[in-house]
Every structure is written in C-alpha cells, then in structure tokens.
Amino acid sequence: MSLPLLFALGDNPSQNLSIFDPASPPAESIRVLSVLVFAITGFIFLVVEGVLFYSIIRFRRKPVAQTMEPPQVYGSKPIEIAWTAAPTMIVFVLVLVTTRTLWDVKITPPKPKPDDNTLFVTVVGRQWWWEYNYEYYNGRELGFTTANELHIPVSKGDVNRPVFLTLKSADVCHSYWVPRLAGKTDLIPGRTNTMWFQTGEAGLYVGQCAEYCGTQHANMLIRVVVESPEEFERWLEAEQRPAFDDPGVRQGQTAFLAQSCINCHRVRGTPAQGTYAPDLTHLMSRQTFAAGMVPNTPENLRQWVNDPQKIKPGCLMPAFGLSERDRDLIVQYLSTLR
C-alpha cells in the first residue's frame, strides 16, 4: 500500500479496500457477481489444466522402438458441438447475471422530495482533487461546496438513507471508486454519469481515482465519512454557515485577500470567490488536505502554503514566494476556518 493511501486511512489504519467486504447494496451485488465469475472461470481452468496434465502424462514420449503412429482422427461432430455449445451457454449465463448486476448498481436517480432521507451530491473530478456540491438532503436544498471528504448519513434500522452522486469532470477522465461502497464509475468531460450507495456501517471508507489522469493520479484519494444522522445534521448546519470571522486574525485575512489565492479559492463571507480550487470556507474541519495526502495540521498547512510542489509535485498551485511574516499570518487565518 502506498504512503499517501496510508495517510488517507487516517484514524482507522485497519480499513480494508477489498471488494469482498462490501458495506452497501451495490458493492454486495458486485461481490456476488465476482464470486460467480471466479467460480465459473476457476472450474474451466481446472478442467483445461486437468486435461492438459493428463495428456502430458498419458501420452508422454516413449522409447523409439515403442513409438507408433497414433490414429489420425479428423473431426468429431459430438466434440465440436460440445466445445461450441458449452462456451456459448457460459457466456449467455454471464451476460444475464452481469445485466442483472448492472440493474442493481445503476439506478436512475429519483427527484428530491420532502422526507425522502436521500442525499444528492454532484462530484466534480479535478486535477487532482474532488469537489463536492451538496444539493439536497431529505428534500431540502443545501447549496454549498466542499472538497475531498464526502460526508454522508448512515442508514439505521428500517430507515434507508441512500446517496446519489452525479459525476462530472472539469478537465480529463477520472474514475470514482470506493471499493466497499460501489464499483468504479468514470467521470468523463462533457458527459454526466451517476452512481448510488447506502450503508448501515458508520466509519471511514477510502478509495482512489481509478483512471489515470496525470502526474498526481496516484495521490487523488477519496475519503467517505459515514456518520450518524444526528452528527450529519450538525455537520450540514456547520458547513452551510459562512467562514468564521475571528477578529484576532484580521491581519492574516487581509494578507490572504491581498494575494492571488482569491482568484482560485473561495471563502464564503469574504471577497474570495474563486471556483477553480478547493473551497476553503471550512478547511480545518477536514482531517486531511491535498486530496487525502497529508494530515491537516498547522505545520503541514504551513509547508503547503510555503511550497505546494514539495508535497504534491505537479499540482496546479504554485509557490508564491511569500515572506515569512505573510506566510505565518495566512496560516494563522486559515487555521481558524473550521
């Protein structure tokens, strides 16, 4: 496992990424299909290899004196029918079960309505981070944007809380994959795809962009935080507020707003209204930054502001050559955005 992915695991290093440990209905459907395919192909492998080894042993080369020309048989209608019909039937069965799995996994998103306990989020893949636009939950409009950490409510008891994701790309092809929640779904420029999942197990689920998208593809990590409905409601309420205005860091805010950071980043409630880079309104509420690469601590944030290229080479944020004073003021300000 790569070092960035270990960071993505955060407070739960035992988190596994196996498709054989599903935590949602779509992932369970994929697991069942995978087991069936492995069973069928494994049986075929054993039969073919068994016949091969039998033939090698049974008809191995004998001394020259005992060698005879074997009978020459040109064609056998029963054998030809068998090796044509059997693969055809196998392919037919696999097509049927795959189609059924696709019906389970690819559900047309419903329209939001009151008290539906459903979360709608638009995911935008960017080089090399994830933008989450929260649209509706339980029928009410949300209308805020965050980055890199997807928070969702857990399904409890008889109450299901499905999550429907609308997947888009702002630049190149990406692929959204959280193995224990759902299968891979591509984000393609100019096209909109969808996926859904729900889970009754709270905790952290990690994933990865599964489509090569450039220099930092391997460090485009995914974190899905599944919380109790009460915790999720509190998180929604906090995220919908504008940025915290702390008079104690007014100089840091001024230094931040004086830089070209505001052309790319947004901090709601301030003149910073950029949409090209992650929304920083509640930056410090996230456990990591740089798409899950490093823990979100003041020291790591200071290193990032000083020179992002040392942490994530090739990322689209340059080093600004800030003075030590301006850098410290900006980090102090960013550290208050909770």
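Start with how the chain folds back on itself: among contacts (heavy atoms within 4.5 Å) between residues at least 6 apart in sequence, 62% join residues at least 24 apart. Keep in mind that this is a predicted model, where local features need pLDDT of at least 70, side-chain atom pairs count only at pLDDT 80 or more, and totals for chains, interfaces and linings use all residues. Residues are numbered from 1 along each chain as its sequence is written, and side-chain values use heavy atoms, with hydrogens and water left out.

**Overall build**

- The protein chain has eight helices and twelve strands; these are DSSP runs numbered from the N terminus, with helices being H or I of at least four residues and strands E of at least two.
- Its radius of gyration is 27 Å, whereas a compact globule of 338 residues would come in near 20 Å. That radius is taken over C-alpha atoms, and the globule rule is 2.2 Å times the number of residues to the power 0.38.
- Along the principal axes, the C-alpha atoms fill a box of roughly 100 × 50 × 35 Å.

**Surface and charge**

- About 18,200 Å² of the protein chain is accessible surface, and carbon and sulfur atoms own 60% of that. The areas come from the Shrake-Rupley method with a 1.4 Å probe, and for residues only the protein chains shown count as cover.
- Buried residues make up 44% of the 338; buried means under 20% relative accessible area, exposed over 50%, and partly exposed in between (1.4 Å probe, protein chains only).
- There are 31 positive and 32 negative charges, and their mean positions sit 6 Å apart. Lys and Arg count as positive and Asp and Glu as negative, leaving out His and the chain ends; each charge is placed at NZ of Lys, CZ of Arg, CG of Asp or CD of Glu.

**Nonpolar cores**

- The largest nonpolar core holds 34 residues, and Y134, L150, L165, Y176 and V224 touch the most other members. Such a core is a set of buried Ala, Val, Leu, Ile, Met, Phe, Trp, Tyr and Cys residues joined through side-chain atoms within 4.5 Å.
- Strand β2 (residues 129-137) is the top contributor to this core, giving four residues.
- If you skip neighbours within four places in sequence, L165 is in contact with V121, V123, L150, Y176, N193, T194, M195 and F197.
- A second, separate core has 19 residues, V249, A255, V267 and L322 among them.

- In helix α8 (residues 324-334), the buried residues are R327, L329, I330, V331, Y333 and L334.
- Their cover includes α5 (250-258) and α6 (298-306).
- P308 lies in helix α7 (residues 308-311) and is buried, at a relative accessible area of 0%.
- Beyond its neighbours within four places in sequence, P308 is in contact with Q303, C315, M317, P318 and A319.
- For P308 and A319, eleven residues apart along the chain, the C-alpha atoms are 6.2 Å from each other.

**Backbone spots to look at**

- The peptide bond from Q127 to W128 is cis, with omega near -5 degrees; W128 lies in the loop between β1 (119-126) and β2.
- D115 isn't a glycine, yet its phi is positive, at about 60 degrees. You'll find D115 in the loop between α3 (77-105) and β1, where it counts as exposed at 64% relative accessibility.
- N117 is also a non-glycine with a positive phi, of about 55 degrees, and its place is in the loop between α3 and β1.
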